[in-house]
Structure formats: structure tokens, C-alpha cells
Amino acid sequence: MELAIKIIMLALFFGVMIGVGFYSRKKATDVNGFVLGGRSVGPWLTAFAYGTSYFSAVIFVGYAGQFGWKFGIASTWIGIGNAVVGSLLAWVILGRRTRIMTQHLNSATMPQFFGERFKSPALKIAASAITFVFLIPYTASLYNGLSRLFGMAFNIDYSVCIVIMSILTAVYVIAGGYMATAINDFIQGLIMLVGIVVVIAAVLKVNGGFLGSLDGLAQIADEKVSTTPGVFNSFFGPDPLNLLFVVILTSLGTWGLPQMVQKFYAIKSEKDIKKGTIISTFFAIVVAGGCYFLGGFGRLFSDKLTILEDGSIQGGFDSIIPTMLSGLSPVLIALVVILVLSASMSTLSSLVLASSSTLTIDFIKGAIAKNMKEKQQVLIMRVLVVFFIAISAVIALFQYNTQTNFIAQLMGISWGALAGAFLAPFMYSLYWKKTTKAACWVSFIFGAGIMILNMAFRAHFPAILQSPINCGSVAMLAGLVIVPVVSLFTPKPDSELVENAFACYHKKTQVEQQTALGD
């Protein structure tokens, strides 16, 4: 009976996802429709697409478990940072200008934006290569987190989880493109909002509710981490510096991720940006705040985990959240599985859509088949969706079998390289006319290069930067200094090119008087 309930709930979920994919086919007949939904996506769909692409099994299983264990209840600051910096400020600072300039330059991807903004095909191809290479490890990491929960709920083989998730995601992305992804993201987002609240209440109830759980956390001591009593329920936890690095990576990082910024390209109108900002921020507070808040109580379940002699956990940090949830009722476990499945499938669809569109528009059409027709581009993107999902699944299986990295490390490498390379040049290109092509190149090389070196020669880095998360955070912050400094010492960009790019901001637009006063 318990298994039947879980299977029925999953079958309904899968049926809705595939149905939406086929319903959205009419919006995916050309490149603009397949990649951006015709730039006509409303605030609710855009905000939920942004939020569900942001938060996945990597957050719920990997980061919440690892950082909840390390920082205790202070890990909630990561969720707060995600809401304020990663959602609110990202929409306020990037949302409107991204929508205006990308439409003006007729760019559908981030690499295409760089190519058009600086009239540099080489810059576009380089950005496309970085996107392709570093989205793959992040995509692969999604399967790992999901497999933990599927194994706990259904006791089925990991490879089966990967096949199911891969096929279903491929079906609705291939059929309906961005619009199918956006609608499904909205449905999946609603599940995430309800699910996380219910799960937190159920888990805290096990230890006497919120106050009882806090009191239990205060009694826990780990001398290897800190000798301060009650450190795991303190305001900043046992390691504020490393906590800050995690907040920076997971919050500021969204500003430079192609699959996140691309959501702004598709916004329909001015009022939708304002609504989307509020909705996206609320979503992040509940989902991200809830995930990290839940993870903060992980040490209360240490009696159910196997702690090895060196202090590490058997199965790694990724086993903490599944262990916390293993005692829930069958219906709640099914809800959790669907919650994480929703988060993972929405992020996976966003990643493969960003990868396939980038490789098709920016590399194949941009450098190989420049006269490719619209229908051919859409066909190639659909084929590449299958390719990206397949290759990420293979990497996920290899990673799982060899235990090469934790989920958090895979995400840290990916986010650090992408945001380290793209964040600063993209933001400055929207605001600052003096941004140069050379500055973009230096940021690309530094951001991607330092993460590659960190993977290859981690032991030779300073202790604080041996963590991919810390190194990625430094790469992002360094880019914000590198771009303006290099721009000031390199040849100025062509004035006509710059004025043409910024002309979009000066275009006259009529609005109602409640929006702007007349003369």
C-alpha cells in the first residue's frame, strides 16, 4: 500500500510534466520560441523559472546537508543571502537592463550577447566553450542528490533513477522548449513551496518542535570544530569566514550564470519585472531559507548516521538529508521525492536548454554553418538536448561509482568558473560604456583558469582557497576589480559600437501617468 501511494503520486507528476511539454509545442517552432518562449513570458512563470532553476537537489541534498552540519542553524544565512542578493538584487540590477539590451542586440544567449555587444565572434565562441564545459559537471551533480532520495524511498538502483529523470526531462524540453520548461517550473515551484514547509514541520516535530530542536542543537559539542558551548545554534556558527564564502558563491553567483540570466531575456513587460522581483524573492526565502534552515538541524540525527574514526560520515554529507527524512510517513516521503524531483528536473531542463542553445546559436551557426535556417537550428538544439542529458548522466554514474566528489564540490567548480568568467563583464557591459573587449578576455581566462588550476593543483593553493567554493567566490569578486582596471589600461572600444548598444536605453516609450509624470 505504501509503495502504491508513492507510485501513484509519481505517475501523476510525470503525466502532468509530459502533458505540458506537448501542450507547449506550438510555441517552439522557431529559435526565438524554443529558446525564449517568444519573449512573452509573464512574471509568475519567469519568477518561478528563475527560482526553480536556482534551487535543485544540489541545494536540498548536497549544500543543505553539508553546510547545515558544518555551520548549524547559522547556515540559514545562506538562504537569506540567496533571497536578497541572488534573487532581489539580481532582478533589480540586471533584470530590466538585460531584457532591454539583449532584445536590442537580438541576442538569445549570453555568449551571443558578448559577441554582439563587442562585435567579436571569437569572444562569443570562447564564452560558448566555457558555458558548455562547465555546465556539464553541474548538470551531472543533479542526478546524485536525487538518487539518494529515490534509493531511500523506493530502494531501487541508482541507474534507474537517472534513466527515468533523463527521459522525462528530455521529452518535455524537446517537445515544448522554453515555454514547456517555464510552465513546468511553475508547477514544480508550487510543489517545492508547499513541500519544504510541510517537511520542515515534520522533521522538527521529531525533536520536540522548533524550540525543542534548538535546545537539542545547543547540547551538541564537537571539539574538532569548536570548543564554544552551543556553537551550532549560534548566530554566525563555528566558522563565519567560510560561511561568508558560501553565501557569496551561492548568492552572487547567479548574476553570472547563463541559465539564470537567460530568464531575464524572456520577460514580457515592465510591470512583469516588478512583479517577478517580488515573487522570485519570496520563493527564494521560503525554498532556500527553508532548505538551509532544515539542514541546520542535521546533527540532531547523528545517532542514525555512521560516523567514521576520522570524524567523516559514511556516505558523505550527501547522506545527511535523506537520513533526516527516512523516518517520515510514506505520503511525506513521496512528497519529498516529488519536491526534489521537481527541483532537479526544472534545473536540469534549464541547464540543457542553455547548453544546447549556446552550442547551436553561438558555435555551430556562428562559426560553422552561418546560413543555417531556423528549423534546422531548432532541430539541432533538440538533438543536443538529448546529447547533453546523456553525457551528464554518464558522468553522474561515473562520479557515483568512483566517489570522486561531493555534490557541493561539483557545483562549486561549475558556479565558480561560470560566474567568475561572466559575472563582471556581463554586468559592466550593461552599465559602463568604457568596458573593453580585452577586459572580457582577461575575466574569461582568469575565472575559468583559476577553477581549472584549482581542480588540477588544489594542494598547492593556499589553505583558504583549496575549497572550490572559496576559490569560486574569490574568482567572482576578483572579476569585479579586473574588468574596470583592465578596461582603463586597454584601447577604448569603438564609440559608434558603444553608442549603438546603449541607444536602447534612450528610446522614447509612452507610459501611463501613474508610472511617470508628464512635463
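Me: Which residue lies over the face of Y505?
Reply: R97 does, at 4.3 Å from the ring centre. A charge sits over a ring if NZ of Lys or CZ of Arg is within 6 Å of the ring centre and within 35 degrees of the ring normal. Note that this is a predicted model: local features need pLDDT of at least 70, side-chain atom pairs count only at pLDDT 80 or more, and totals for chains, interfaces and linings use all residues. Residues are numbered from 1 along each chain as its sequence is written, and side-chain values use heavy atoms, with hydrogens and water left out.

Me: What sits over the ring of F118?
Reply: The charged end of R117, 4.9 Å from the ring centre.

Me: Switching to ring pairs. How many aromatic pairs are there?
Reply: The count is 28. Rings of Phe, Tyr and Trp (its six-membered ring) pair if their centres lie within 6.5 Å; planes under 30 degrees apart are stacked, over 60 edge-to-face, the rest tilted. One of the pairs is F114 with F422, which is tilted: 5.9 Å centre to centre, 35° between the planes.

Me: Where do those two sit in the chain?
Reply: F114 is in helix α6 (residues 110-117) and F422 in helix α16 (residues 407-431), 308 residues apart. Helices here are DSSP runs (H or I, at least four residues), numbered from the N terminus.

Me: Are F114 and F422 buried or exposed?
Reply: Both are buried. That means under 20% relative accessible area; exposed is over 50%, partly exposed in between (1.4 Å probe, protein chains only).

Me: And how are F114 and F426 arranged?
Reply: Edge-to-face, 6.4 Å centre to centre with 80° between the planes. F426 is also in helix α16, 312 residues from F114. F426 counts as buried because its relative accessibility is 0%.

Me: Which residues form the aromatic cluster?
Reply: Among them are W44, F48, Y50, W91 and W415.

Me: New topic. How many salt bridges does the search find?
Reply: Two in the whole structure. The criterion is a side-chain nitrogen of Lys or Arg within 4 Å of a carboxyl oxygen of Asp or Glu. E116 and K119 meet in one, at 3.1 Å, N to O. K433 and E499 form a salt bridge too, with the closest N and O atoms 3.3 Å apart.

Me: Where are K433 and E499?
Reply: E499 is in helix α19 (residues 495-502), 66 residues from K433.

Me: Why does K119 count as exposed?
Reply: Because its relative accessible area is 51%. E116 is partly exposed, at 26%.
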